[in-house]
Amino acid sequence: MTAPALPRSNAGTGLSLLVVAAVIVGAAYALAGLGQTASLPVNLFPFLIVIFGLMALAYVAMRRLAPNAEPTLVPIVALLNGLGYVVIARLNKDLAANQAMWTAIGVAAFVATLVLVRRAADLERYRYLLMVAGIFLLLAPLMPGIGSTKNGARLWLEVGPFSLQPGELAKIALAIFFASYLVERRELLAPGSLPTDALAARARAIGPLVGAWALSIIVMVAEKDLGSSTLFFALFVAMLWVAAGGYLWPLLGLSMFSIGSVIAWSSFGHVQERVRIWIDPWSKASSDGFQLVQAAFAFAAGGVVGTGLARGTPQKIPAVATDLVFAAVGEELGLVGAAAVIAAFALIVVIGLRIAQRAERPFEQLLATGLTTIVGVQSFLIIGGVTRLLPLTGITLPFVSYGGSSIIANWILIALLLRISSGDRLERPVRMASRRAR
Amino acid sequence: MTGRIQRLGLILGVGFCLLLVALTRLQVVDAAKLTSDPRNTRGLTAAFSADRGLIQTADGVVLAKSVPSNDEFKRQRQYPEGALFAPVTGYLSFTFGADGAERAFNKDLVGGTLTAGDRTLRDLFNGNSKKTEDVTLTINAAVQRVAASSLGNRKGAVVAIDPTTGAILAMVNFPTFDPNPLAAHTQDNVRNAYNALSNDPAHPLLPRGYRESYAPGSTFKVVTSSAAFDRAPELTTKNYPTLTQLPLPRSGGRSLRNFGGERCGGVITDLLRVSCNTGFAQMGLDMGGDDLSAEAQAFGFDNKPPFDLPAAATSRFPDANEFKRNEPGVAFSAIGQQNVSATPLQMALVAAAIANDGVIMTPHVLGSVRDDRGNAVRTYDAKQWRKATSPETAAAVKAMMIEVAASGTATRARVSGVTVAAKTGTAQTGTGSAHAWLIAFAPAEAPKVAVAVIVESQPGVGEATGGRIAAPIASDVMAAALKK
């Protein structure tokens, strides 16, 4: 398990990237202000300063608390978060102030995670606690009284004036549990050499897989949340395959997911509806297909270079600030801007998987893989849904969509990735020094 | 494990590439098709959101303006004067399109008639690739206000025109409508407002001045008189017998009666002064349908007026062939009944033709178009529409119309200090009610204003009805127009 000889980024690169991100976001904000006739910049300028301050704070906290961490991740996240903020500010001034607050809480959670989790390996100790917490969070919206249904999906918790999506945090808790569990069991799960009692042992090892499958079906059926259940299952299969290897697990996982999908499709009207409007939104352009049709019109209106910020009409798309925010990006920033956002997510995946490959211990490797998979698959699912590559499922675009739970959970996720990369960098010079000493 | 991590990256990478393919399909390959899809309202929204110039009166009263709004349309169209000018401005609605000046001068208002050279580099950078233009109408707000208040809450219309240029000075009707609710951005409210207006049996949305036709009644006798001078001069000296009713030829013993059993007769001047139906009916029969029809067409009947507001109605006079099958019809048509219909605008043009030596100038509401820096983009140049009659005939008919105002049925149309020429009309609409008409111009020596007034469905059928009800309105409007 040797890391490929990729060039490593240094702190200077990270800082200059952060400045580039700030310049891009600031320029986007200024352009949005020019595009709108109303006095957008005057009203919301303080919030933009707050966003800049938060991104700088996140970077400084990373340099202090995880000095050897990969420095390029925070600037990319800052770019996405900042760009998302500008788009949301342009769409809805009331949401902009909230989004600034959520970003502040997200960055605070980021710093807190770096403070509390000094070594990634510490997390292994809490794996069963995290598993229980994860399952609890995933199923919490089903509880009467605090659970609430929005847009047909029951995945919200009403806490005072705020509504939270606990599923966003559950993914992280379960990724940690899976990483720890799979690292321990991977000898049993690996194809090839079978001990004598292999069959029984394998059956036992399969248990969690079936459990995960059942959980994702429950989420799909009871909460009607196709996006989270797909993401959750993809995360589990990816981690299982990376841990154990072979083609058995991915094939088994895929076929189980297919069976689950077919059952869900044949038993539930809302699943059939999702598939139908994916294949042909046009025949229901003014009812169920309205959202997708409007999103398609938005992308077409944007063309290659976009209408320019605040110069399109993305308000025509339902849920444009949350799940369909990418359509607003496509309309106003065009193919160029939308492709840049996709590229930013691709970069997070590349950097995240590089952190995974560099990590010293299998647990950290697998955890980094899982966390990266969450960001990659989630952005793929929602962008694919909005562009009609996949059926549309209601999940957020990490860092860009409006929404507290998503922002907070993804900042925590980045903090964990950085903690893993920091650990790997901490050890390396020591080892090299000892080698030199020899 | 690192190998599989790398392969996982590859799989996700393929996924991201597929996203770029899907994105390219939407934003490049299918973009044109999606943009032109009839369900795509973005183009409409953009057009509706575009900045739009002012519409104002000749005396500088703002009738329509666009102010910033914080919704998807970015701008709200406002009509500060409400219903008063609606017959001219019309409305601009996202759901129901545009009417009136908003529709007629849309291109100017959105800056579309400016040439590329008028746009500066700075405008391109500001995104103001199109500058708006302000439209100034010929309408005079003071005259419009007087016309509306004088008409009051009586169904009808008033049109005032400058006979020498064709410029419309006032055009009002009752009932009318407030264009503001139609320009609102909450589509349900707009729909409700529009449906209420269009289902109203009184038709408040109808610009009666130029889009509704009525039997012109005795005001048409001005055209019949002109026809006599132009085409059958012998009739202008003929002494018509004093009658209460005129037996009609080939009608199976039917006859045409004067209102209220009045007795009248004499030469043409006497006939016009008291508006003698039997006399003019006989004159029509004497002259024949060919001449009467030709004269009506010379005055603009059966021709769509080249008016610059949209969808002006064409006034109708029966074709000469129609009279061949129905000879008594000539008698009725000569007094503006039966198959004759005219818009108030058309009857104002009849008065204007007499006032302007027989020449009808093209009617218009457009004064000038200016860019956002106040430079004139274009100015309306007065032009002739048609020659209705000769200057000599016009002078003769004018003299008779002066008599009508001085001592005939239209004495209430007089304006103190100036000579008024006028003709009343009472068009029967059924038993016991009639449309009260008046056409007039002043000052008779050098006319500056011609008017047509109609008040619909007034009780009392008699020659006095037009003079009693419509004449005072005409008097007020002419006085206001001469004061401006």
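A residue counts as buried if 20 or more other C-beta atoms lie within 10 Å of its own, as exposed if there are 12 or fewer, and as partly exposed in between. Keep that in mind while we walk through this model, which is a predicted one.

Let's begin with chain B as a whole. Its secondary structure comes to 19 helices and 19 strands. Of its 484 residues, 51% count as buried. If you take the contacts in chain B with a separation of 6 or more, 69% of them are between residues 24 or more positions apart.

Now find the open sheet of chain B, where six strands line up in the order 3-2-1-6-14-15 with mixed pairing. Strand 3 (75-78) and strand 15 (376-379) of chain B are at the edges with a single partner strand each, so one side of each has no neighbour in the sheet. Strands of a sheet pair through backbone hydrogen bonds, and they can do so parallel or antiparallel. Strand 6 (residues 133-137) and strand 14 (residues 366-371) of chain B run antiparallel, joined by five bridges. In one of these pairings, Val135(B) has Val369(B) of strand 14 as its bridge partner.

Next, look at where the two chains meet: 32 residues of chain B are in contact with 45 residues of chain A. Helix 1 of chain B gives the most to its side, with 18 residues. By class, that side of chain B has 15 nonpolar, eleven polar and six charged residues.

Zoom in on helix 8 (residues 226-244) of chain A and helix 1 of chain B: their axes come within 8 Å and cross at roughly 145°. The crossing is right-handed. Ala238(A), Trp241(A) and Val242(A) make the contact from helix 8 of chain A, and Arg4(B), Ile5(B) and Leu8(B) make it from helix 1 of chain B. Sorted by class, these residues are five nonpolar, no polar and one charged.

Most residues other than glycine have a negative phi, and most peptide bonds are trans. Yet the bond from Phe174(B) to Pro175(B) is cis, with omega near -5°, and Pro175(B) is in the loop between strand 8 (168-174) and helix 9 (187-199) of chain B. The bond from Ala442(B) to Pro443(B) is also cis, with omega near -15°.

Phi is positive in Arg250(B), near 45°, and this residue counts as exposed because it has 8 C-beta neighbours inside 10 Å. Ala311(B) has a positive phi too, about 60°. With 13 C-beta neighbours inside 10 Å, Ala311(B) counts as partly exposed.

Notes:
Residues numbered from 1 in each chain as written. Chains lettered and ligands numbered in written order. Predicted model: local features only at pLDDT ≥ 70, side-chain atom pairs only at ≥ 80, totals over all residues. Pairing = 2+ DSSP bridges. Helix = DSSP H or I, 4+ residues; strand = E, 2+ residues; numbered from the N terminus. Contact = placed C-beta atoms within 7 Å. Nonpolar A, V, L, I, M, F, W, Y, C, P; charged D, E, K, R; others polar. Axes fitted to C-alpha atoms, helices over the stretch in contact; angles between N-to-C directions. Left-handed = near helix turned anticlockwise from the far one by under 90°.
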